[in-house]
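Could you walk me through this structure? I would like to learn how to read its features one at a time.

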Amino acid sequence: MKSRFLAIVMAIVVSLTASFMLRADNAADGTDTIEEYLRALDSNPNDKNLLKVVAFHYMNVADHDNARKYARRLLALGESTGDRDFCELYGKIVMSTTFLEEDVEKSFKLLEDARAIAEATENHDALLSINNSTGMYYMFVNNDLYTATTYYYKALEEAKIMNDERRYGIILANLAGAYLMMNDISGQKLAEQAHEIAVSRGEPVPLYYAKYTLAHFYLLSDSLDRVERLIDEVEALHHKGGFTGEPDLYVMRAQLAEKRGDISRAYHNYAQAMEHFKDADISAVTATYLAYAGLLRRNNRYASAINVLEYGLSTAASSDVKIHSPEIMKELVYAYRDAGNYKKALDYSLDYQAYQDSIFNLSRERALQENRIRHEVYNSERLIDEQKMQLMSSRHRIILLLVCVAAVLILLGLTYFNYRKKDRLYRAIVSQNSEYLQREHMLLEQIEKAKSQSANPSKTTVLAEEKADDLMSRFSSLMSERKLFKDPSLTVSSVAELLDSNRTYVSRAINDQTGKTFTQIVNEYRIREAINLISDLEANLPLKQICSDVGFNSISTFYTTFQSITGMTPARYRSQLKEIR
């Protein structure tokens with residue numbers, strides 16, 4: 001009897017765990033909090049993080065209609081923005097859970113699509129939820145508890161990687177439920193650990209399911225006072241948090257009442273459970289029928305038990321979630337046997353065996369189907385990756401081409417600029433040297449003329465040359481040899497005194513011979529001397545000192561005059577000269 005009671009308890013745990021899914025981030029736990037999120041979402045309807053939080057909240061409380069509503073909005077947002085790594089990923093996680101009882105192939109396909117995205121992006125947050133959901137898929141659809149626990153342990157590893165204690169506790173509660181279904185009472189330690197984590201954090205959703213799972217273990221171990229206390233706590237959380245699944249609460253109270261011998265209270269609670277079937281999951285409905293029929297049979301009400309079980313079996317047959325079908329068949333075998341209808345008992349025994357065989361065959365077919373789906377998902381992902389690589393390769397080639405073109409243009413520009421700079425410098429240097437040579441040649445000619453005239457003095461010639469060439473010859477000698485231009489206070493009057501002439505005649509002679517003013521000629525001598533000093537790169541005299549040495553009173557006048565004559569500043573001239581050398 002205890003083993004059959006354990007099987008019924010396991011069925012109840014399954015109906016509970018079916019609605020127990022993980023959130024991907026800090027989703028709302030209470031009704032007040034979800035209302036705040038909904039108001040925020042009204043203000044910003046395209047906030048993907050808010051959509052994810054709300055969708056996961058409704059998934060957690062098994063409100064599949066609202067969960068799908070917000071998951072679809074998340075998928076639509078991902079399609080419009082191209083945000084596949086977030087919107088499509090989390091939208092498919094939620095959608096896969098809501099289709100678990102309606103279209104298991106679609107549910108598994110959505111899960112594998114989400115897994116491919118999560119693994120490609122190394123999203124441990126999403127992989128945690130996906131592995132948990134996959135564990136539930138194998139538990140409820142395939143009745144494969146060992147594979148389910150494998151995925152639960154993978155989810156635990158993801159929680160460890162993320163250092164997420166809260167979600168680690170939630171997965172422990174799921175894993176404890178799987179151990180309970182495998183008749184492994186050692187799962188109670190997992191349930192107690194999950195409960196301890198949930199209590200320390202005080203969050204309603206993990207606390208709700210941890211207390212629920214632990215209550216089932218205490219029910220099996222006949223710790224009835226603990227069970228009653230946990231049920232009261234679960235019921236308080238249930239009403240406060242807006243959870244669905246009232247039948248599970250009443251079934252647990254019915255089992256507690258039966259343990260205490262209060263059969264009438266047990267029947268009353270089963271009746272209350274069936275009154276809340278409207279919004280309950282199929283697994284919760286069939287689990288309730290199974291537990292209720294067990295009580296009827298134990299109270300020798302075989303006909304009623306058989307009717308309930310037959311109805312429960314037909315209800316299970318109408319759904320893709322058939323995890324309770326074997327237990328119902330087995331219970332029908334006992335019910336017909338106890339009722340004396342051995343033929344029916346034998347028929348259901350054979351049906352049970354055939355069902356178990358079909359489960360094996362279906363598992364093989366489903367494994368093939370799952371492998372096909374995984375292969376299709378892999379091919380789709382590979383095709384997408386190839387297209388991305390081709391697109392990236394094209395972009396890289398275009399970018400590389402543009403960079404090369406830009407580099408060539410910059411190089412040509414720099415080459416032309418440097419050529420122009422050097423060309424200007426060469427021209428300035430050649431111009432200065434040519435002018436200097438011309439002036440030097442002119443000075444030599446004037447000296448020669450002066451010498452020849454002094455040798456054959458002619459009064460007329462002397463008078464003429466004294467007024468022109470002789471005057472300029474002596475002026476050039478003063479500038480070249482005595483370097484009078486270095487005197488900042490030099491004037492045309494002071495030069496005229498040195499030449500035994502007058503200011504007017506000296507100015508006219510300079511203008512007639514050179515076409516320039518006295519000041520211009522003096523400044524040219526000064527700039528020529530400055531060029532000589534600047535060209536001595538080893539001395540590297542400061543420009544301010546050179547300015548003073550060649551006879552300028554102002555550094556600004558020096559710069560302006562130098563640039564007007566050479567086409568560049570003294571600093572640039574020195575820089576270009578260094579580059580040339």
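Q: What should I know before I start reading?
A: This is a predicted model, in which local features need pLDDT of at least 70 and side-chain atom pairs count only at pLDDT 80 or more, while totals for chains, interfaces and linings use all residues. Residues are numbered from 1 along each chain as its sequence is written, and side-chain values use heavy atoms, with hydrogens and water left out.

Q: How many helices and strands does the protein have?
A: Helices (H or I, at least four residues) and strands (E, at least two) are DSSP runs, numbered from the N terminus. Here the count comes to 26 helices and 0 strands.

Q: What share of the residues is buried?
A: Buried means under 20% relative accessible area, exposed over 50%, and partly exposed in between, with a 1.4 Å probe and protein chains only. Of the 581 residues in the protein, 48% are buried.

Q: Is Glu529 buried or exposed?
A: Glu529, in helix α23 (residues 518-535), counts as buried because its relative accessibility is 11%. Contact means heavy atoms within 4.5 Å. Leaving aside residues up to four places away in sequence, Glu529 touches Lys483, Phe485, Lys486 and Val550.

Q: At what angle do α23 and helix α25 pack?
A: Axes are lines fitted to C-alpha atoms, for helices over the stretch in contact, and angles run from 0 to 180 degrees between N-to-C directions. Angles under 35 degrees count as roughly parallel, over 145 as roughly antiparallel, 65 to 115 as roughly perpendicular and the rest as oblique. For α23 and α25 (residues 555-566), the angle is about 90 degrees and the axes are 10 Å apart, so the two helices are roughly perpendicular to each other. On the α23 side, the residues making the contact include Ile527 and Ile531, and on the α25 side they include Phe558 and Phe562.

Q: How do α9 and α10 run relative to each other?
A: Helix α9 (residues 165-181) and helix α10 (residues 187-201) have axes that come within 8 Å and cross at roughly 150 degrees, so they are roughly antiparallel. Among the residues that meet are Leu172 and Tyr179 in α9, with Leu190 and Ile197 in α10.

Q: Which residues does Gln188 touch?
A: Gln188 lies in α10 and, at 17% relative accessibility, therefore counts as buried. Not counting residues up to four places away in sequence, Gln188 touches Leu214, Phe217, Tyr218 and Ser221.
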